[in-house]
Structures are given as structure tokens and as C-alpha cells.
Amino acid sequence: MNAVILDAASLGPDIDLAPIRERVDSLAVHQQSSTPEAGERLQGARVAIVNKVVLDAPTLEALPDLKLICVLATGTNNIDMVAAERLGIVVKNVSAYGTPSVAQHTLMLMLTLANRLPLYQRDVAEGRWGQSDFFCLMNHGTLQLEGKHLVIVGQGVLGSRVAQLAEAFGMRVTFAARPGNEADDSRPSLAELAPAAHIISLHCPLSDATRHLINADLLASLRPGALLINCARGGIIDENAALAALRSGGLGGLGVDVLPEEPPRDGHPLIDALAEPLNLVVTPHNAWITPEARQKIVALTADNLRDWQAE
């Protein structure tokens with residue numbers, strides 16, 4: 001069984017591909033590939049291993065030997081799933097590989113915003129500590145997590161792990177109803193929970209029901225100083241509305257690890273706003289990148305290969 005990895009660079013240079021090599025007869029490794037290059041490099045291959053390279057219908061139709069696509073991620077939106085099914089190509093993804101990593105990153109953003117770290121780091125860099133009449137600066141009110149109310153959207157493995165970590169800080173955690181299914185969900189809706197939340201953390205997929213789930217109306221309903229964290233998908237927040245709320249003081253802090261377009265080659269208002277004195281953190285979709293998480297992707301992909309061979 002011959003396999004081709006199209007974008008190994010997305011895993012990083014420090015990851016051992018041995019578990020995958022052990023499951024195939026030959027493995028060709030390409031660091032990056034465009035869609036046209038993928039069509040050429042997959043000629044004769046039975047297995048394609050891919051992260052973000054787009055495999056559209058014309059590409060798949062030109063690959064009669066291809067039987068399996070292993071996606072090195074949870075999302076399969078870069079694969080034409082309808083065409084794959086029509087052509088009899090099995091698609092297998094991986095999930096829950098980065099739960100500890102993303103949960104850790106979420107808590108990092110929460111702590112960073114709660115302690116107003118972006119603002120205090122700016123003050124120190126600009127010499128305000130050295131000009132203080134006292135031994136410390138306390139011009140930005142911080143938030144003690146103990147006793148505060150965290151509302152989480154998404155009660156899957158990741159949301160549950162974030163809840164576990166938050167409870168270790170003494171926080172009260174409530175899960176919101178699944179967006180779009182509030183009528184059949186016993187949990188309160190996000191709209192009901194938002195006014196009492198000190199922090200909202202998003203861990204749900206992007207869908208028609210969650211696109212701009214956090215919009216101007218919901219932001220206006222928040223208590224003053226509330227914090228908002230998005231380690232899910234760009235587009236769940238209306239970023240322009242959130243930025244306006246942050247600038248006006250209605251939102252106490254905003255931390256995002258995702259944007260609607262990635263990489264943001266044309267920039268983004270949140271990136272531009274990092275130059276302003278705001279309690280704002282933007283990280284480059286790297287909540288998942290601990291070595292442990294990336295190596296687990298390889299292990300889970302090897303499991304997918306094994307399971308497919310056994311079918």
C-alpha cells in the first residue's frame with residue numbers, strides 16, 4: 001500500500017512519522033502541495049494523507065487508484081466529500097488529539113485577560129512602573145477567577161476539559177444549550193446566560209446556527225467587564241462588533257486564537273487593534289500545537305490506516 005503525505009510541514013519538523021510508515025509499504029513525504037501538485041503527486045497512490053490541501057472533485061476524479069484519504073485534522077471541509085463518496089474513496093479524520101493543549105491555551109487566555117496582562121505589559125514597556133508613586137501599578141482592575149461564572153458553549157470533550165480546569169480555580173461553570181437547538185435542550189440558552197456571565201468561552205463548531213453567535217445584541221447584554229474567549233472557529237464572533245465593545249469598555253477583554261480567514265494575508269481589524277491600549281490577545285491558531293498533540297495526530301492517523309486495512 002503506497003501513501004503520500006501532501007503537507008507534512010503542517011505537523012512541524014519535530015514530529016516522528018514512524019507510526020504511519022509502519023502501516024504502509026511506501027510513504028512519499030511532501031512538505032507542502034498546491035491542489036494541482038496534489039493531483040500530480042497522488043498519481044498511483046492508494047492513500048492520501050493531507051491536512052489543509054484542497055482535494056476537489058476534478059482532482060479526485062483524476063485519481064482512479066485512490067482509495068483512502070486520511071485527514072490530519074478534525075475538519076474535512078477541504079475535501080469534496082460528495083465526490084469522495086461517489087468515487088468510493090473513504091475519508092477518515094482525527095479528533096480530540098489536542099484536548100489538553102487547547103484547554104491549556106484557553107486557560108492561558110482567560111488568565112491573561114483576567115489579569116489585564118496586555119495592558120500592564122504595555123505600561124511596563126512604556127515606563128509607567130518606573131514613574132509610579134507606589135511600588136506597584138493598579139490602574140487596570142483585575143478579575144479574580146475564584147467565584148466567577150464561566151459560561152461555555154460546547155459541552156464536548158474540549159469544553160468539558162476547560163470546565164474541569166476552570167473549576168480547579170474555583171469558578172462556577174454553566175454550559176449553554178446547543179445553538180440552534182435551544183427548544184429541545186434542557187440547558188439554558190446563551191442569551192439567557194450571557195447577562196450573568198463573567199467569562200464566555202467558545203468551543204463549538206462553526207455552522208449556520210453559530211455564525212456570529214456573538215453579535216452586537218448579545219455583547220450589549222453582557223455585564224460590564226465580561227471576558228470573551230474564542231478557541232473554536234473564526235466567524236462565531238462578529239469580530240467588528242466585539243472590537244467596538246472592547247473599545248467602548250463594554251467588553252472587558254477579548255482573546256481569540258482563530259479568525260475567519262487563515263492565514264489573514266490581508267490583515268484583520270483585531271490584528272490592527274493590537275497597537276491600541278486594549279485588553280486584547282490574538283494568537284495565530286496555535287492552541288493545538290504542543291508536540292504531544294501533533295504527535296498524537298500521527299498516532300491516530302496510524303490507527304485510521306490500521307482500521308481501514310482491517311475493514
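Buried denotes under 20% relative accessible area, exposed over 50%, and partly exposed in between (1.4 Å probe, protein chains only). The model shown is predicted: local features need pLDDT of at least 70, side-chain atom pairs count only at pLDDT 80 or more, and totals for chains, interfaces and linings use all residues. Residues are numbered from 1 along each chain as its sequence is written, and side-chain values use heavy atoms, with hydrogens and water left out.

View 1. Arginine 41 counts as partly exposed, because its relative accessibility is 28%. Glutamate 37 is likewise partly exposed, at 32%. The two residues form a salt bridge with the closest N and O atoms 3.9 Å apart; a salt bridge is a side-chain nitrogen of Lys or Arg within 4 Å of a carboxyl oxygen of Asp or Glu. Both residues belong to helix α2 (residues 35-41) and lie 4 residues apart, about one turn of the helix. Helices (H or I, at least four residues) and strands (E, at least two) are DSSP runs, numbered from the N terminus. By the salt-bridge rule the count comes to 11.

**View 2. Salt-bridge network around arginine 122.** Arg122, Asp123, Glu126 and Arg128 are linked in a network of salt bridges. Within it, the side chains of arginine 122 and glutamate 126 meet at 3.9 Å, N to O. Arginine 122 is partly exposed at 22% relative accessible area, and glutamate 126 is partly exposed at 43%.

**View 3. Arginine 247 and glutamate 276.** The side chains of this pair meet in a salt bridge of 2.6 Å, N to O. Arginine 247 is partly exposed, with 47% relative accessible area, as is glutamate 276, with 25%.

**View 4. Strand β3 within the open sheet.** The sheet has 5 strands in the order β2-β1-β3-β4-β5, with parallel pairing; two strands pair if DSSP finds at least two bridges between them. Its edge strands are β2 (26-29) and β5 (90-92), each of which pairs on one side only. Strand β3 (residues 47-50) directs Val47 and Ile49 one way and Ala48 and Val50 the other, and all are buried. Strand β1 (residues 2-5) pairs with β3 over 3 bridges, and alanine 3 has valine 47 as its bridge partner. Strand β4 (residues 68-71) pairs with β3 over 4 bridges, where isoleucine 49 stands opposite cysteine 70.
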